[in-house]
2 protein chains.
Amino acid sequence: MSHKSDIEIARAAKKRPIGEIGDKLGIPSDHLLPYGHDKAKISQDFINSVEDRPDGKLILVTAINPTPAGEGKTTTTVGLGDGLNRIGKKAMICIREASLGPNFGMKGGAAGGGYAQVVPMEDMNLHFTGDFHAITSAHNLLSAMIDNHIYWGNELGIDERRVTWRRVVDLNDRALRDVVTSLGGVANGFPRQTGFDITVASEVMAILCLAKDLSDLEARLGDIIVAYTRDRDPITCRDVGAEGAMTVLLKDAMQPNLVQTLENNPAFVHGGPFANIAHGCNSLIATRTALKLADYVVTEAGFGADLGAEKFMNIKCRKGGLAPAAVVLVATVRAMKMNGGVAKADLGAENVDAVKAGCPNLGRHIENLKGFGVPVVVAINHFVTDTDAEVQAVKDYVAEHGTEAILCQHWAKGSEGTEALATRVAEIADAGMGSFAPLYNDDLSLFEKIETVAKRIYRADEVLADKKIRDQLRAWEAAGYGNLPVCMAKTQYSFTTDPTRRGAPTGHSVPVREVRLSAGAGFVVVICGEIMTMPGLPSKPAALTIGLDDNGDVQGLF
Amino acid sequence: MSHKSDIEIARAAKKRPIGEIGDKLGIPSDHLLPYGHDKAKISQDFINSVEDRPDGKLILVTAINPTPAGEGKTTTTVGLGDGLNRIGKKAMICIREASLGPNFGMKGGAAGGGYAQVVPMEDMNLHFTGDFHAITSAHNLLSAMIDNHIYWGNELGIDERRVTWRRVVDLNDRALRDVVTSLGGVANGFPRQTGFDITVASEVMAILCLAKDLSDLEARLGDIIVAYTRDRDPITCRDVGAEGAMTVLLKDAMQPNLVQTLENNPAFVHGGPFANIAHGCNSLIATRTALKLADYVVTEAGFGADLGAEKFMNIKCRKGGLAPAAVVLVATVRAMKMNGGVAKADLGAENVDAVKAGCPNLGRHIENLKGFGVPVVVAINHFVTDTDAEVQAVKDYVAEHGTEAILCQHWAKGSEGTEALATRVAEIADAGMGSFAPLYNDDLSLFEKIETVAKRIYRADEVLADKKIRDQLRAWEAAGYGNLPVCMAKTQYSFTTDPTRRGAPTGHSVPVREVRLSAGAGFVVVICGEIMTMPGLPSKPAALTIGLDDNGDVQGLF
């Protein structure tokens with residue numbers, strides 16, 4: 001239907017003043033803190049004032065394993081939210097904020113796509129309301145205070161070789177991955193080797209997204225382990241005395257950001273932790289506040305359901321006391337074909353057999369999600385080249401697995417294209433069919449938690465971990481961290497740790513390369529493969545062609 | 001009169017919604033981009049739309065050499081603005097933004113003091129509208145692009161040893177002063193020694209504060225010299241291709257920030273370059289826009305008049321086509337006493353002789369300012385312990401120098417305390433008595449420009465500079481930079497380069513230690529003494545006691 005690009009559609013949007021969007025949610029203008037005319041934060045007082053209201057119904061949008069064909073998870077989140085509003089429901093969406101830095105490497109993107117987008121697109125790809133800058137400042141203040149403590153006598157006995165807290169910057173800057181600081185003599189401190197990660201990889205980001213309120217934020221910041229002594233005793237942020245000042249830097253960043261969809265429905269866009277070394281979901285405070293303001297809240301989780309939904313359930317829902325009423329699993333015909341062995345260049349031609357061959361990836365995600373006790377609906381995100389026979393093949397496969405697949409055309413048609421999905425999802429959520437439970441209990445050992453995810457979600461035969469890693473897990477259990485959930489960091493492209501193995505592989509093992517304790521965020525990161533926490537710029541970065549045109553419009557960012 | 005602290009007064013302020021403050025200036029609400037309910041940016045379209053209006057009158061507030069007794073320059077700027085409004089004039093003020101980082105070392109402060117303040121004080125000491133974060137991002141994007149260019153083949157032939165562009169962070173972090181980057185092997189680039197400065201020291205900050213509009217900003221960013229080849233040919237930001245993307249990152253930061261005084265009068269708070277290696281004034285775009293919106297614009301310059309006013313005149317006014325209609329020179333009885341040899345502990349006792357002995361510092365500043373062809377009024381910023389005889393001594397001294405000194409009590413009384421000053425300043429400005437001219441012409445040689453400032457402002461006998469420095473200046477002249485003004489970096493505490501020499505010394509020389517070319521900002525920095533561009537935190541940083549109290553109010557920041 002449309003031949004316009006996402007940015008053209010976004011720029012043509014008939015945005016309503018953000019006060020009107022707040023009105024829809026019953027937020028008094030005093031409690032809506034505007035950033036320009038199309039963005040606002042919700043005051044902490046207002047958030048506190050709605051605490052005792054009943055919760056709306058939470059709907060998670062997740063997806064099959066991503067392929068280069070794209071699956072459209074955020075687009076479907078936006079489309080479903082608009083669809084629910086279209087059929088007369090009071091609904092809103094909660095999604096993550098984009099990181100600024102990577103947009104200067106590869107072109108940035110919309111939040112959603114086609115006629116299912118959140119706007120203002122440009123601001124959301126640039127500074128937005130400054131949340132990530134606040135996180136960068138808070139993170140690096142702690143870094144400076146650690147080195148400052150060492151400089152002024154090191155009363156805590158920090159071992160300079162064992163400072164685990166690095167610095168962050170919201171840019172792709174490979175030169176900062178590995179650096180030596182404090183050179184230049186006595187006045188600059190004690191030289192030591194350290195490095196920078198990108199801001200979204202900061203534990204402060206994960207904490208901000210899991211904290212219930214500002215007190216909880218401060219307590220969690222205090223719990224961060226920043227270094228060890230020569231005797232390997234942990235030194236926390238609280239020991240260094242930084243958590244209060246960090247909380248002050250983060251007090252506005254903790255307030256959810258309100259924007260709107262192209263159809264002028266409310267959206268919270270707040271927080272954006274990495275989906276590998278962190279849990280990859282928008283902030284808990286945004287989701288919880290949304291549940292007080294709307295009858296249906298549609299949210300999403302990073303990557304495919306094996307990573308994103310698993311962490312949403314086992315980390316965010318567990319810690320936040322949330323229970324999803326329904327899960328929408330997004331699939332596309334094209335992605336099914338790629339899982340069925342078709343190359344990206346050949347996706348245009350009808351190939352029902354390949355669709356069928358790829359469906360087991362979808363089937364396994366359905367089974368996994370049902371394992372959490374939540375009802376599942378499959379959304380087939382329509383692409384113009386999909387044929388009726390291909391779509392039917394997916395529907396048939398899903399039906400054989402006791403579930404329903406609904407074709408959605410929100411990309412081309414907006415909410416008109418998700419009426420059927422919205423109607424069905426609302427029915428399911430209203431029926432209260434779910435009996436959500438996380439996959440494992442707090443009291444399981446850390447290694448057993450890893451095994452549970454690996455076997456029940458990834459369908460691996462075994463978890464491989466050498467003695468050093470098992471000893472580390474046991475040491476954390478002895479230190480009182482055994483009750484934490486695990487946060488798996490592996491490739492998003494496969495159920496296995498090998499990104500090339502599509503479909504629904506079996507007979508594989510999960511090698512654990514490293515484990516890290518995020519004591520403030522409250523999880524143990526389990527690294528299975530190479531994880532990059534500071535990207536580099538490509539040889540021709542997008543920044544080379546980004547600029548303002550004669551009208552003052554941004555060019556080259558999208 | 002008041003025993004309340006600045007923060008208590010600021011928190012008790014009866015702020016008006018920022019839209020009402022915009023109304024006073026005739027800014028339509030569409031063109032006022034709010035940040036919360038008490039801060040807003042002015043849209044670029046609106047700024048463009050007022051371009052052809054006549055200018056109001058520009059009044060500079062400057063001061064004697066600072067002493068530990070304090071002089072109250074910003075306080076007087078605010079008080080005079082409020083005083084002009086009180087006597088029925090349409091007036092506004094333009095001041096600088098505070099840097100975030102240093103507040104976590106030493107306690108932050110008000111913009112102004114007592115009953116002459118700009119609010120919201122807390123936001124202005126924290127993230128405010130995000131301008132400095134945008135500058136940090138733009139600066140460091142360029143840094144990343146330089147290393148990225150070298151990494152991907154170094155087509156420009158950048159000599160890694162001669163990369164002059166460092167990185168910045170808005171924190172006091174001594175560990176980052178001197179670092180080695182790109183360690184860790186081939187994938188991380190070529191190791192080289194570099195460092196971080198604090199954000200306010202960035203040339204990007206100076207450029208933002210001198211650029212006329214976004215096109216001028218982009219052109220100036222392009223002109224930044226970031227490195228040299230092995231043949232010592234300069235490599236610019238434009239060669240690296242970063243200026244367009246940097247401009248996109250800075251487009252909102254270029255818009256002036258509107259806030260209000262305690263008396264609900266409009267204030268632009270925008271930009272904050274270092275006053276030593278840069279020119280230390282708020283942005284040109286704020287000042288120029290203010291001149292279109294108000295009949296009287298009161299602004300200030302960093303440090304004492306020997307540095308701040310000199311740079312205001314020779315750099316900002318020269319480049320921006322501005323001409324001050326009057327200058328207010330702030331002095332205090334206490335500062336006169338300290339210039340007269342009294343220790344800070346003894347300032348409480350009446351000492352008319354010491355006041356008289358210190359007055360020559362004031363007298364020389366009066367003479368210097370008159371040398372720019374502008375009328376001068378002295379404002380005596382009243383302190384509770386000042387006696388009538390001491391105040392009279394200052395008035396008599398000033399009168400002997402053909403000028404008028406007016407006692408001001410804005411700290412205790414707000415605009416009621418500056419009625420007399422405001423009335424006199426308006427009379428002088430309206431009389432059009434000024435015939436402003438910078439101290440030297442563009443075509444003087446760079447060394448002669450340094451000599452002009454040193455001899456006519458500092459009253460030095462000579463400028464000392466070794467051959468290497470003189471050769472460097474000649475090389476820049478040959479390369480086409482000879483027409484630039486000089487930006488002097490020396491101690492603020494004395495006319496000389498020795499911070500302990502108060503009063504009005506003579507017979508001294510000015511040793512030039514180093515010269516630097518800020519080709520984008522458009523000046524040659526002349527360093528006469530130790531200049532610190534990355535502060536450290538003290539042994540007990542303010543951050544240790546900063547936090548939120550049970551009401552969610554910030555504690556320990558002030």
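Predicted model: local features only at pLDDT ≥ 70, side-chain atom pairs only at ≥ 80, totals over all residues.
Residues are numbered from 1 along each chain as its sequence is written, chains are lettered from A and ligands numbered from 1 in the order in which they are written, and side-chain values use heavy atoms, with hydrogens and water left out.

Is B:Asn125 buried or exposed? B:Asn125 counts as buried because its relative accessibility is 3%, buried meaning under 20% relative accessible area, exposed over 50% and partly exposed in between (1.4 Å probe, protein chains only). Its side chain reaches the backbone oxygen of B:Gly109 at 2.8 Å. Leaving aside residues up to four places away in sequence, B:Asn125 touches B:Leu100, B:Asn103, B:Gly108, B:Gly109, B:Leu557 and B:Phe558, with contact taken as heavy atoms within 4.5 Å.

In helix α18 (residues 446-456) of chain B, the buried residues are B:Leu446, B:Phe447, B:Lys449, B:Ile450, B:Thr452, B:Val453 and B:Ala454, and what covers them includes α12 (308-320), α19 (467-481) and β24 (523-527) of chain B. Helix α11 (residues 284-293) of chain A is mostly covered, with nine of its ten residues buried, and among them are A:Lys292 and A:Thr289.

Turning to the domains, chain A is divided into domain 1 (6-129 + 253-431), domain 2 (132-242) and domain 3 (446-528), bounds that come from an automatic or database domain assignment. Domain 2 of chain A and domain 3 of chain A have C-alpha centres 25 Å apart, and each of these two domains gives eight residues to the contact. Between them they bury about 580 Å², 56% of it on carbon and sulfur atoms, buried area being the accessible area (1.4 Å probe) that two parts lose on being put together, summed over both. On the domain 2 side, A:Glu203, A:Arg220 and A:Ile225 supply 55% of the area buried against domain 3, more than any other three residues. Between these two domains of chain A there are zero salt bridges, a salt bridge being a side-chain nitrogen of Lys or Arg within 4 Å of a carboxyl oxygen of Asp or Glu.

Finally, the interface of chain B and chain A: how many residues does the contact take from each chain? The contact takes 64 residues from chain B and 64 from chain A, and the two chains bury about 5200 Å² between them, 67% of it on carbon and sulfur atoms. B:Arg174, B:Val248 and B:Leu548 supply 11% of the area that chain B buries against chain A, more than any other three residues. The rule finds two salt bridges across this interface, and in a salt bridge at 2.9 Å, N to O, the side chains of A:Arg167 and B:Asp173 meet.

Technical notes: Helix = DSSP H or I, 4+ residues; strand = E, 2+ residues; numbered from the N terminus. Polar contact = N/O pair within 3.5 Å; in protein donor to acceptor, adjacent residues only side chain to side chain.
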